Amino acid sequence: MDAPRTVAAGRTASPTTARLINDRLALQLLQSEGALTAGQLKTLTGLSRPTVADLVERLQEAGLIAVVGESGAQRRGPNARLYGIVADRAHLVGLDLRTHSVTVAVADLLGEVRAERTVPIGPDDTPDAAVAAALAGLDKALAAAGAPHPHTIAVGAPGLVDPATGRLGGTDWIPSWHVALVGELRARRAVPVLLENEVNLAAIAEQRDGAAHDHDTFVLLWLGHGTGAAVVLDGTLRRGASGGTGEIGFLPVPGTAALPSASGCDGGFHSLAGSAAICALAAQHGLPAEAVAGPAAADAPSPDTDAPPAEAVVRAAVAAGDAGAAFLDALAARIALGVAAVCAVLDPGCVVLGGEIGSGGGEDLAGRVAGHLARLSPLRTDVRAGALGGRAVLRGAVLAARDAAQNELFPPGG
């Protein structure tokens with residue numbers, strides 16, 4: 001048998017803890033690598049053959065893994081069987097709350113989305129009506145996925161999420177139905193409901209599936225209707241004492257007519273790089289939003305009803321080549337002010353331009369921001385375009401729900 005695994009300096013794992021560690025390691029490999037034989041698990045984990053046989057039996061009895069086929073090996077036997085995670089063991093729900101919509105995704109335990117639905121919320125809808133519409137959309141998505149009930153729900157929302165209480169703060173500038181919906185989900189569903197700032201979820205998605213996949217330390221700068229940032233240091237998402245890390249819209253910057261205040265970010269970085277400011281800048285460069293929104297939007301992904309009009313403008317400017325260059329350069333100079341401030345404090349080494357506008361500008365905009373940043377900051381910083389755009393929030397919610405469910409179903413040893 002294998003020797004007990006060391007879990008801390010001067011302390012070794014008990015047999016029970018060692019089994020939990022080994023089981024979780026095997027499950028993580030099955031999640032990342034796909035179906036594996038017992039022999040492959042032995043090679044990848046470094047565990048002995050009897051230990052692997054025991055953990056395979058335990059995980060099968062728990063309903064977490066099953067035989068999903070056979071390998072192409074000539075020699076038949078237990079090691080030729082392919083084991084995979086039972087994806088339907090649990091269903092997960094991710095929600096992306098916007099000002100005028102909510103998007104729901106229902107996924108399996110591997111994070112594969114089985115159903116998705118976007119529910120528009122009218123500007124004149126009461127909070128009760130908005131909540132009822134969102135819950136109805138959730139029920140329809142669950143039914144479409146064949147999921148009788150969710151195991152875990154993760155919600156991405158704008159605003160401050162208090163790390164101590166898990167409640168939304170800074171609610172003066174977010175729709176009241178957001179708070180009401182989270183409350184109803186927690187009251188009506190006897191399942192864990194995780195609440196996270198939307199930009200933080202986007203960073204999780206860009207790190208796992210997108211532009212920051214090769215970085216443990218980076219900053220995601222969100223560019224959509226508004227602005228925000230998420231900070232990941234040494235692989236850990238940093239939220240701050242009150243959940244306010246990354247509220248870069250309030251950052252005082254040159255080039256605005258005023259300063260931000262405790263009750264609003266007008267005059268801060270938001271006034272330079274928010275959607276309305278970008279549309280105004282485009283108009284100054286002869287690219288009015290109404291002139292380009294049609295053809296640009298036709299080619300652009302539209303994940304929800306809240307896609308900012310600036311996304312179409314930026315995409316059109318990129319497609320216009322030289323005709324859009326002056327506008328893109330002016331926009332990049334504005335964005336670089338916020339990036340430079342972040343880099344001066346955190347030195348992340350990598351900044352991802354996320355959100356619909358970040359992905360819409362692509363490598364063209366990212367390269368221009370990098371050029372302006374190099375003149376503002378002595379710190380070497382890789383500037384990249386986000387790969388997931390506005391869909392990063394929903395994907396991050398699904399991943400957060402999956403992590404929480406797996407922590408319960410595949411308990412870590414310790």
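Helices (H or I, at least four residues) and strands (E, at least two) are DSSP runs, numbered from the N terminus. This is a predicted model, in which local features need pLDDT of at least 70 and side-chain atom pairs count only at pLDDT 80 or more, while totals for chains, interfaces and linings use all residues. Residues are numbered from 1 along each chain as its sequence is written, and side-chain values use heavy atoms, with hydrogens and water left out.

Select helix α6, residues 198–209, and find Gln 207 in it.

Next, the second largest pocket. A pocket is an open set of points on a 1 Å grid over the protein atoms alone, where a 1.4 Å probe fits, with protein on both sides within 12 Å along at least five of seven lines; lining residues have an atom within 4 Å of a point. This pocket holds about 470 Å³ of space. Select Glu 196, Ile 204, Leu 237, Arg 239 and Ala 400, which lie nearest its centre among 20 lining residues. Elements giving two or more residues to this lining are β12 (193–197), α6, β15 (236–238) and α13 (392–409). Helix α6 gives the most, with four residues.

Finish at the largest pocket, with about 660 Å³ of space. Of its 32 lining residues, those closest to the centre are Pro 158, Trp 173, Glu 198, Gly 226 and Thr 227. Here α6 and β14 (227–233) each give two or more residues.

Notes. Grid points are joined across faces, edges and corners, and a volume is the space filled by probe spheres set on the points.
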